[in-house]
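Student: I'd like a close look at one part of this protein, and I'd rather have one connected walk-through than a list. Here is what I have open.

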Amino acid sequence: MELLQLGYFVPESETKRGAHHALAEGLAGLDVGEHREPLVARSIAAIAETPAEAIIISSEALEGLLRNRQNTQAFFNRVRELNLEPKLILFPRNQPQWINSSYADTVKTFRRSDSFESCAFGFAQSPDSRFSRWIELAETHGAELVARPFSKETLRGVIPEFLQSIGISSSQFRDRAVRRNEAVGPFTVSVAREVLRSLGKELTWLQARKCKVELAGYLRQNKCTDSGYCGLSSALARRIEEELRSDNDVFAQRAWGKSWADVFAADVTEEFTPNDFEMRRPDWFTVRRLRRAIEKMRAFAHVILANPAFSVAAPWNDAAHRGGLVSRK
């Protein structure tokens, strides 16, 4: 309500954290499924009817959706059909820290099971790791690009940074608490990774979600919840930074008129010690608890796989499709 009073309309969200994943997918032309279609329809209708001068759509799914040319074209076409001028607000992060966080997040949600090093090297060599692509994308589609560094200094102040990027001071709001997704630890990563490896197949979106929720509940109940996963070593971090230095500097000069190292001074000098159990073997007690957790979760996963309600063959139930990795039919 406070944002609306300032002329900014925030559509209805499907999550507690206020994300607009279904709306982003719908605007990009994806099949969101019958169960989410009413939400998307209500949101688009509300956007068309609101007298607000600006609309805020927040979704990490856009990072994946806008990799796909068809999805990208559909998204910007739909935005302009709603008589809106697009502005992309991007929070670039130093890639080693970004990879570390992203890996833990995708593993805990049962969406990948490769080793951290395999993930890190693959990502560092992919176009997705290069922020200059956002400059090209914005120029191609006539969108304004606003980049705010997501660094160690701004880690706890992302919300104020976002508000500032749209011309609002956070001091105007009563509730300025920053809510971030909780980062998991090496125990959680190991359980999810080993279970998915043992299944030998990719899970549907519903299957993966069920497993994620069950694992979180099991860890809480058995007092195994952990945090602070790190797959990085200092040497690996420096190697990734060197691989991406040229593109990073080009982007930083365009966005901020500085070198990448100047903007991310504390990040590019950060030291790392990996705690991934594939790199640092845990003690015998942790190994025993780990084995028990994997057995419990593997049994649960087989029950989920046997339930046809979670294996529906539909685009909305395909994690890759929802992430923009599969072209629209």
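Predicted model: local features only at pLDDT ≥ 70, side-chain atom pairs only at ≥ 80, totals over all residues.

Student: Is Glu 63 buried, partly exposed or exposed, and what is its relative accessibility? Please take a close look at that spot and then carry on into the rest of the chain.

Tutor: Glu 63 counts as partly exposed, because its relative accessibility is 21% and buried means under 20%. You'll find Glu 63 in helix H4, which covers residues 61-65. Leaving out neighbours within four places in sequence, Glu 63 is in contact with Trp 98, Asp 128, Arg 133 and Trp 134. Take Asp 128 from that set: Glu 63 and Asp 128 are 65 residues apart along the chain, yet their C-alpha atoms are separated by 9.0 Å.

Among contacts with a separation of 6 or more, 79% are between residues 24 or more positions apart. The chain has 329 residues, and 47% of them count as buried. In secondary structure, there are 15 helices and four strands. The exposed surface comes to about 17,700 Å², with carbon and sulfur atoms supplying 49% of it.

Asp 247 is buried, with a relative accessible area of 16%. Not counting residues up to four places away in sequence, Asp 247 touches Arg 130, Phe 131 and Ser 132. Ser 129 is 118 residues from Asp 247 along the chain, and the two C-alpha atoms are separated by 9.5 Å.

Asp 247 also takes part in a helix pair. Helix H8 (residues 132-140) packs with helix H12 (residues 234-256) at an angle of about 50 degrees, their axes 8 Å apart. That angle is why H8 is described as oblique to H12. On the H8 side the contact uses Ser 132, Ile 135 and Glu 139, while H12 brings Asp 247, Phe 251 and Arg 254. Sorted by class, that makes two nonpolar, one polar and three charged residues.

Helix H11 (residues 205-221) and helix H14 (residues 284-305) pack at about 150 degrees, with axes 10 Å apart. H11 is therefore roughly antiparallel to H14, and their crossing is right-handed. From H11, the residues involved include Gln 207, Cys 211 and Tyr 218, and they meet a set in H14 that includes Ala 293, Met 297 and Phe 300. By class, this contact has nine nonpolar, one polar and four charged residues.

To finish, have a look at the backbone in two loops. Most residues other than glycine have a negative phi. Asn 83 isn't a glycine, but its phi is positive, about 60 degrees. Asn 83 sits in the loop between helix H5 (69-81) and strand S3 (87-90), and at 72% relative accessibility it counts as exposed. Phe 110 also has a positive phi, near 60 degrees. The loop holding Phe 110 runs between helix H6 (95-108) and helix H7 (116-124). Phe 110, though, is buried, with a relative accessible area of 2%.

Technical notes: Residues numbered from 1 in each chain as written. Heavy atoms only, no water. Buried < 20%, exposed > 50% of the residue type's maximum accessible area, 1.4 Å probe, protein only. Contact = heavy atoms within 4.5 Å. Areas by Shrake-Rupley, 256 points an atom, 1.4 Å probe, with all protein chains shown as cover. Axes fitted to C-alpha atoms, helices over the stretch in contact; angles between N-to-C directions. Parallel < 35°, antiparallel > 145°, perpendicular 65-115°, else oblique. Left-handed = near helix turned anticlockwise from the far one by under 90°. Nonpolar A, V, L, I, M, F, W, Y, C, P; charged D, E, K, R; others polar.
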